[in-house]
Amino acid sequence: MAEGSLAGFATLEELMEEYMPPEKLQHARRVLYGLNVGELVKGIDLDPVLCGRALELDFDLRTAAFRAAPEQMRPPRVVRIGLIQNKIVLPTDAPFTEQAKAIRERVGQMLETAGQAGVKVVCLQEAWHMPFAFCTREKHWCEFAESAENGESVSFCQTAAKRWGMVVICPILERDAAHNDTVWNTAVVIGHNGNIIGKHRKNHIPRVGDFNESTYYMEGNTGHPVFETAFGRIAINICYGRHHPMNWQAFGMNGAELVFNPAATVGDLSEPLWPVEARNAAIANSYFVAAINRVGTEVFPREFTSGDGKPAHKDFGHFYGSSYVAAPDGSRSPSLARHKDGLMVADIDLNLCRQTKDKWGFQMTARYEMYAEFFNRFVQPDFKPQVIRDSTL
Ligand SMILES: NC(=O)NCCC(=O)O
């Protein structure tokens with residue numbers, strides 16, 4: 001494993017296993033990763049052939065099973081989901097068509113394994129079909145943008161969706177030819193019949209560190225859609241939107257039971273935030289969250305700077321993977337590796353969403369009218385913060 005922010009360990013769980021005595025490890029897991037219906041989250045027994053395939057193809061394959069309590073009036077609603085994280089395959093100075101083709105081939109291996117494992121909803125990482133070149137500010141990378149209706153990556157995912165009867169979330173750099181060739185950061189939702197159900201465009205565009213994405217695309221104009229699929233109500237909160245609690249909340253208010261967070265973020269910037277934000281969103285909104293991060297270090301042909309005092313450099317830093325699933329009851333899965341491609345397969349019982357709402361009542365006790373009134377005042381130009389000053393100061 002390479003040095004730098006990787007620091008020589010694949011996942012935090014493996015580090016804990018290596019250094020903690022087993023009896024303490026159980027407690028550490030309970031405190032750090034929570035209990036699901038009173039128990040530590042277990043794995044799924046997958047066909048050993050699939051595990052062998054993952055070894056052979058050198059990608060990380062991990063599993064988790066989230067239960068809900070049995071109910072008298074509803075059957076369980078267990079859905080098998082998949083999260084795929086991938087490196088780019090070829091160097092960034094290879095011809096673009098070859099780069100895209102090589103990524104498709106690699107991701108295809110993991111999509112196939114997901115299909116064989118019985119996954120019914122799978123999500124890829126943000127802009128999975130290209131290098132995350134938005135650090136460079138160079139415009140020729142826009143060539144990777146494609147139609148959300150019939151682009152090459154979308155068609156590729158439609159084929160997989162149809163073949164395996166699974167919903168595929170395909171996050172791409174979108175070229176909107178009907179609107180003056182506008183570029184967007186978009187997640188296309190493909191139904192289990194290979195049909196396009198709809199799309200969501202990234203709501204919040206980062207302006208932090210080397211994430212110079214605002215050079216390429218604007219804030220999305222699709223609101224907070226929830227897609228009613230054969231396997232549950234799904235939404236997508238693309239990467240930087242995970243720092244915005246109200247963005248998460250709006251998907252929940254529209255009825256989402258499972259929100260994917262396809263992302264691309266690097267160790268020096270956000271690794272300590274990563275295990276917290278998606279998990280907190282799952283708790284606060286009583287839905288499942290599946291957070292998927294890009295992996296690997298991508299080196300670009302020319303140096304760039306981002307006005308933050310760092311010397312000119314050619315890479316973004318290390319994308320640390322660590323994709324995971326968080327449940328509404330606060331429990332979570334282990335992470336995929338920090339250094340290699342991976343597929344996480346998780347069983348989630350969607351009944352847990354309503355059960356958690358009934359238990360905690362976060363939504364029922366929320367004071368939406370009070371907040372609405374506050375936000376209405378806040379957006380007025382003459383807003384004055386409600387601060388009561390200590391008169392003895
Ligand atoms: N892709 C993206 O929005 N990254 C921003 C950095 C972060 O949110 O950690």
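This is a predicted model: local features need pLDDT of at least 70, side-chain atom pairs count only at pLDDT 80 or more; totals for chains, interfaces and linings use all residues.
## A walk around strand β10

Residue numbers run from 1 along each chain as its sequence is written.

Now widen the selection to β13, residues 324-326: this strand pairs with β10 in the antiparallel sense over three bridges. (Strands pair if DSSP finds at least two bridges between them; strands are DSSP runs of E with at least two residues, helices are runs of H or I with at least four, and both are numbered from the N terminus.)

Leu258 is the one to click, opposite Phe288 in β10.

Then colour β10 itself, residues 288-293: six of its six residues are buried (20 or more other C-beta atoms within 10 Å of a residue's own, with C-beta atoms placed from the backbone). Phe288, Ala290 and Ile292 point one way, while Val289, Ala291 and Asn293 point the other. In a regular strand, side chains alternate between the two faces of the sheet.

Last stop: helices α6 (residues 245-253) and α8 (residues 274-285), packed at about 45° with axes 10 Å apart. Pick out Pro245, Trp248, Gln249 and Gly252 of α6, and Ala281, Ala284 and Asn285 of α8, which make the contact (C-beta atoms, placed from the backbone, within 7 Å).

Note on methods. A residue is buried if 20 or more other C-beta atoms lie within 10 Å of its own, exposed if 12 or fewer, and partly exposed in between; C-beta atoms are placed from the backbone. Axes are lines fitted to C-alpha atoms, for helices over the stretch in contact, and angles run from 0 to 180 degrees between N-to-C directions. Two residues are in contact if their C-beta atoms, placed from the backbone, lie within 7 Å.
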